[in-house]
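Student: I've just loaded this one and would like to go through it with you. Can we take it a piece at a time?

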Amino acid sequence: MKCSLLMNVSTTIVVLLRDSRRILFTLGDLVRDTPEEFHRLNWPLLLDRGGVPVEMAETANADDLRAHLTDELNLRLVVFERLARACRENQGTAFVNAHWREFTSAAMTAAEVALTEDAPGLLMETTGLAMFAEQDADVLTSLVFLQLAVLAELCDEWTLRIRERSAEHSFEEDLRTFADGGTTVRTHPDVLHPLLDVGEGAGAEPYVMHALYASLCRDHDQANPEALRWAQLFFGQELLAKARPAVIRESTLISARRAQETIGYQEAWAAAAGWLAEYLNEGPLNWPSDASAELLEAFTSVAGKLGHPELISAVMQESYKVTSMPVGEMVAYVESARLTDEQGTLDILTKQADHLVAAERVDDLFLVAEAVRKRLGDGHAETWLCHALNTMGRPGSVLARIGETARPWEYELSVDLMVSLWQERASALSAAGRTAEALDLQQRIVVLLGSDSPRLPWAQTNLGLALMDSHRPDLALPIFEEAILSIGADRQLLTYKARALRALGETTPAEHAEREASALAAERNEHESAIEPARRHAQAG
């Protein structure tokens, strides 16, 4: 029954100020007589501060709280006035370089509130933002690109600290300060992946870039296309910190909460398997040869940080009944393989090379690829190697090796092999930010396969992803739907469909697709699908 009576009851209002560890609140009529119930809540946990004390500041009423909040926001907006002054003196870039730590996510959120909400009393100076975007960009877009500049500074600083073994700050705390809690890049989610590409191209530490990127994807409800790469880097950093604490300091590590929120079980499984294979076959990380128990304990500890303490024993039981081959054995295996079973040979080789990819041992991959070339030819060798390089997040290396356009000998390959090689080229173009060229190549791949090819749903999915990168969710959506009709419900395809629907503003259908994807994930034994549907439809073909 709908109640039409107006209840004259004041509301409890709570404002969490994470950066200053303060909580502003005013109690409503329903809890004013029992304030102990309100204070019994774990407010430090809501602020993501663990056991750190927080200041509770009660205000008399909603108007009083609004006045206090306006004062708090204006304190965070002072830096924009200083930026505007610097820009008038042609010192804008120098100011950001010197004072980027003042542009916290709290300051950015305050600026966003001032720009987008009806908030009398907020003093926002916008003239300093124009230098960060194209001339005709709106103010909010300029704010987004200012934040990207700040995040780039954060990556540069932590890249230097990790390489110089400095421990002045906590990386986790900096991620909380600059990447968490309502950052403005959520209004432009398409800038996230280019941020990653630019950072790696500029020589940023991959662990730093991917920790930031994974955090932004989490906060803005975006699927992380680099989830496996991030999981590999997380495991590597944690294991090295345990093996060589004097080299990899604890201050560079992220919190268990962030790890669990940014790394799924599938990616954790694949990363753990890769690093275990690396140790079991060739003993990296400079652990003593008699320290197997200690190393496995370290692996278990890292898995426990991810919330899966049982993971390592499961990987050991199921993945290493036959351990991965050392490089010399891989080369010998290729040299002795039967030429009548080319794909089977390459499938085994790809699985066995996971530990090389996880450890980024490019030179060893080149050795194996050369053996493939001698035995199976250029097409198989380049496709196999470029897939490994793309998995490692090295699009520049792929394009440098096979070029940006097809070479004459590629047209002599079988259609399936040509398509596989072209897909690796398209993936590299996309990862390098060359979306128009990647889209063109994905369209050619679909045409090349033809309507009767069993690989068509895979090619359609890749085309849909290229259209999403090109800001055409309206064209991507029917392609994802057609692929689902062709092969049936698939968790990753449903996730892509949901992303396209959200980009089109279709919130309710997007939520329905996400629920379908979640239901499929719950039904599946996660570790058995660790290398399946996403790779099947969006990478390997």
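This is a predicted model: local features need pLDDT of at least 70, side-chain atom pairs count only at pLDDT 80 or more; totals for chains, interfaces and linings use all residues.

**Working through the model**

Student: Leaving aside neighbours within four places in sequence, which residues is histidine 169 in contact with?
Tutor: Contact here means heavy atoms within 4.5 Å. Skip the neighbours within four places in sequence, and histidine 169 is left touching Arg101, Glu157, Trp158, Arg161, Asp174 and Ser251.

Student: Is histidine 169 buried, partly exposed or exposed?
Tutor: Histidine 169 sits in the loop between helix H7 (139-164) and helix H8 (171-178); helices (H or I, at least four residues) and strands (E, at least two) are DSSP runs, numbered from the N terminus. Buried means under 20% relative accessible area, exposed over 50%, and partly exposed in between, with a 1.4 Å probe and protein chains only. Histidine 169 comes out at 33%, so the label is partly exposed.

Student: How far apart in space are histidine 169 and tryptophan 158, C-alpha to C-alpha?
Tutor: Trp158 is among the contacts of histidine 169. In sequence the two are 11 residues apart, and C-alpha to C-alpha the distance is 9.4 Å.

Student: Is threonine 262 buried or exposed?
Tutor: Threonine 262 is in helix H12 (residues 256-262). Not counting residues up to four places away, threonine 262 touches Ala214, Ser215, Arg218 and Trp230. With a relative accessible area of 12%, the call is buried.

Student: Which residue's backbone oxygen lies 2.8 Å from a polar side-chain atom of threonine 262?
Tutor: A polar contact is a pair of N or O atoms within 3.5 Å; within protein, one must be able to donate a hydrogen and the other to accept it, and residues adjacent in sequence count only if both atoms are side-chain atoms. The backbone oxygen at 2.8 Å from the threonine 262 side chain belongs to arginine 258.

Student: Which strands stand at the edges of the sheet?
Tutor: Two strands pair if DSSP finds at least two bridges between them. The sheet is open, runs in the order S1-S2-S3 and has mixed pairing. Each edge strand has a single partner, so one side is left without a neighbour in the sheet: these are S1 (13-17) and S3 (55-58).

Student: In S3, what is the bridge partner of leucine 24?
Tutor: Strand S2 (residues 22-26) and S3 run parallel, joined by four bridges. Leucine 24 has as its bridge partner in S3 alanine 57.

Student: How many residues are in the largest nonpolar core?
Tutor: A nonpolar core is a set of buried Ala, Val, Leu, Ile, Met, Phe, Trp, Tyr and Cys residues joined through side-chain atoms within 4.5 Å. Phe80, Phe103, Leu146 and Phe235 have the most contacts inside the largest core. A second, separate core has 63 residues, including Leu421. The largest one has 72 residues.

Student: How far is glycine 379 from leucine 421 in space, C-alpha to C-alpha?
Tutor: Glycine 379 lies in helix H20 (residues 378-391) and counts as buried at 4% relative accessibility. Glycine 379 and leucine 421 are 42 residues apart in sequence, yet C-alpha to C-alpha they are separated by 7.1 Å.

Conventions. Residues are numbered from 1 along each chain as its sequence is written. Side-chain values use heavy atoms; hydrogens and water are left out.
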